[in-house]
Amino acid sequence: MRTTVGIIGAGPAGLVLARLLHNAGIDAVVLESRDRAYVEQRQRAGILEQGTVDVLRAAGAAERMDREGLRHDGIELRFDRRRHRVDFPSLTGGKSVMVYAQTEVCKDLVALRLKEGGPLLFEAEALAVEDADTEHPRVRFRRQGREDVLECDYVVGCDGFWGVSRKAIPAGLSRVHERTYPFAWLGILADVAPSHDELVYARHDRGFALLSMRPPVTRHHPSKEVASLSIDSYVSRLYLQVPAGTEAQSWADEEIWDELERRFETADDWRLHRGPITQKSVTPMRSFVHEPMRYGRLFLAGDAAHIVPPTGAKGLNLAVGDVVTFARALVHRRETGSAELLDAYSQTCLRRIWQAERFSYDMTTLLHRDPAATSFDDRLQLARLERVAGHRAAETDLAEAYTGFPLD
Ligand code: APR
Ligand code: PHB
């Protein structure tokens with residue numbers, strides 16, 4: 001099998017890249033080790049930056065997002081039983097974010113690719129990237145029990161943190177910058193209307209909590225007599241800081257609600273709505289950057305090259321930034337013959353990535369309780385929060401980073 005761009009992985013990075021290349025008339029083959037149902041059901045964060053929204057719209061992949069997604073103009077910071085709203089448009093010259101789950105972005109892109117695009121092979125596991133430092137890189141992969149080779153002009157490793165593409169970069173050239181945290185997030189989905197109309201990031205002595213949501217699911221009534229009746233089911237997405245290594249099932253549903261209630265407590269009459277929990281999982285927290293992101297004709301994008309802790313929901317948005325940078329560089333190469341932008345890929349991406357690493361780290365350390373924290377650390381955290389709540393420059397810095405750094 002032969003193609004121009006071999007894409008390993010059909011997460012957000014691989015799927016957005018496949019769409020961008022399709023629109024530019026460049027062929028690509030996507031290899032994905034899991035099946036379609038798995039890719040479409042994996043629960044991840046749900047906040048799209050303004051720039052990501054713009055990319056999906058320009059790529060013709062935003063029809064359902066524009067119908068169902070929820071535009072959010074701010075977030076709430078909660079600490080010391082107080083509430084402080086950060087208003088994005090007034091601080092950033094009109095920017096906002098979109099609440100639309102990553103799984104939905106993936107479903108939309110898979111459907112588009114299967115309808116109009118080129119090959120997207122599920123249950124096709126890349127085994128190795130070979131000859132990355134030559135003009136003819138290859139991906140060895142296994143599908144339906146048989147080994148095959150995808151011959152490419154370029155390979156883009158969009159295969160996430162656990163993928164194989166990063167391993168094709170010689171150890172002597174790789175630098176890894178990493179930090180792990182002594183906590184994780186226990187996340188739930190619950191069939192209940194969100195208790196607030198914007199996201200709430202809460203700092204509490206017992207640990208961090210986050211209130212988020214998914215767009216309501218509209219279900220049409222199946223009965224013929226009431227054909228026009230449709231019912232909106234509301235979905236809350238909530239997270240609790242828990243110790244690293246916690247098993248999701250070790251928390252009973254009522255314990256989760258009790259703990260959320262404690263951490264979100266306010267001095268006013270705000271109330272947490274409880275409802276049936278439909279999904280429970282634990283997300284580990286890590287900061288990780290692999291440099292460089294390019295080796296010969298192999299380019300890493302998304303989680304294959306970098307991880308941020310989820311506070312601030314930058315993961316998907318960074319992945320989109322990488323693949324936009326790659327697609328532009330390849331189009332530039334085709335139009336001008338110059339490989340200048342391809343050569344600059346790693347540097348261009350890393351500038352933005354390190355800003356997002358900084359922001360995600362700042363948000364994480366601002367809001368989570370480190371088990372080793374002293375009273376000094378606690379007071380400092382509160383002083384940092386007071387600063388954001390009381391000084392426009394500090395608040396603007398947070399709003400700008402939250403809504404996203406420019407792609408250029
Ligand atoms: N061969 C083929 N596919 C692979 C292989 C392999 N050897 N290894 C991994 N994959 C697939 C995975 O099954 C997954 O579908 O690559 C895909 C990687 O997708 P993601 O992990 O979602 O990574 P990415 O597309 O970079 O998206 C970044 O995902 O982890 C979140 O928070 C992160 O939102 C961010 C986003
Ligand atoms: C989510 O809704 O899943 C979410 C929202 C904001 C975050 C992280 C996750 O910072």
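Select ligand 1 and show the residues around it: 26 residues surround ligand 1, counting each residue that has a heavy atom within 4 Å of the molecule. The closest are Glu 32, Arg 44, Gln 102, Ala 126 and Asp 303. This is a predicted model, in which local features need pLDDT of at least 70 and side-chain atom pairs count only at pLDDT 80 or more, while totals for chains, interfaces and linings use all residues. Residues are numbered from 1 along each chain as its sequence is written, chains are lettered from A and ligands numbered from 1 in the order in which they are written, and side-chain values use heavy atoms, with hydrogens and water left out.

Next, pick out polar contacts of ligand 1 (here, pairs of N or O atoms within 3.5 Å). A polar backbone atom of Ala 126 is 2.9 Å from a nitrogen atom of ligand 1. An oxygen atom of ligand 1 lies 2.9 Å from a backbone N or O atom of Leu 316, and a backbone N or O atom of Pro 12 is 3.2 Å from an oxygen atom of ligand 1. On its own, ligand 1 has 710 Å² of accessible area (Shrake-Rupley method, 1.4 Å probe), and the protein covers 88% of that area.

Now colour α1 (12-23), β9 (124-130) and α8 (315-336), the elements that give two or more residues to the shell around ligand 1. Helices are DSSP runs of H or I with at least four residues, and strands are runs of E with at least two, numbered from the N terminus.

Move to ligand 2. How many residues surround ligand 2? There are 16, and the closest are Tyr 201, Ser 212, Arg 214, Tyr 239 and Gly 312. Select Arg 214: a polar atom of its side chain lies 2.9 Å from an oxygen atom of ligand 2. At Gly 312, a backbone N or O atom is 2.9 Å from an oxygen atom of ligand 2. The protein covers 100% of the 280 Å² of accessible area that ligand 2 has on its own.

Colour β14 (199-203), β15 (209-220) and β16 (230-243), which each give two or more residues to the shell around ligand 2. The largest share, three residues, comes from β15.

Last, look at aromatic rings. The structure holds 15 aromatic pairs, meaning rings of Phe, Tyr or Trp (its six-membered ring) with centres within 6.5 Å. Select Phe 88 and Tyr 402: their ring centres are 5.2 Å apart and their planes at 20°, so the pair is stacked, the term for planes under 30 degrees apart. Phe 88 is in helix α5 (residues 88-92) and Tyr 402 in helix α12 (residues 392-403), 314 residues apart.

Definitions and conventions
A polar contact is a pair of N or O atoms within 3.5 Å; within protein, one must be able to donate a hydrogen and the other to accept it, and residues adjacent in sequence count only if both atoms are side-chain atoms. Rings of Phe, Tyr and Trp (its six-membered ring) pair if their centres lie within 6.5 Å; planes under 30 degrees apart count as stacked, over 60 as edge-to-face and the rest as tilted.
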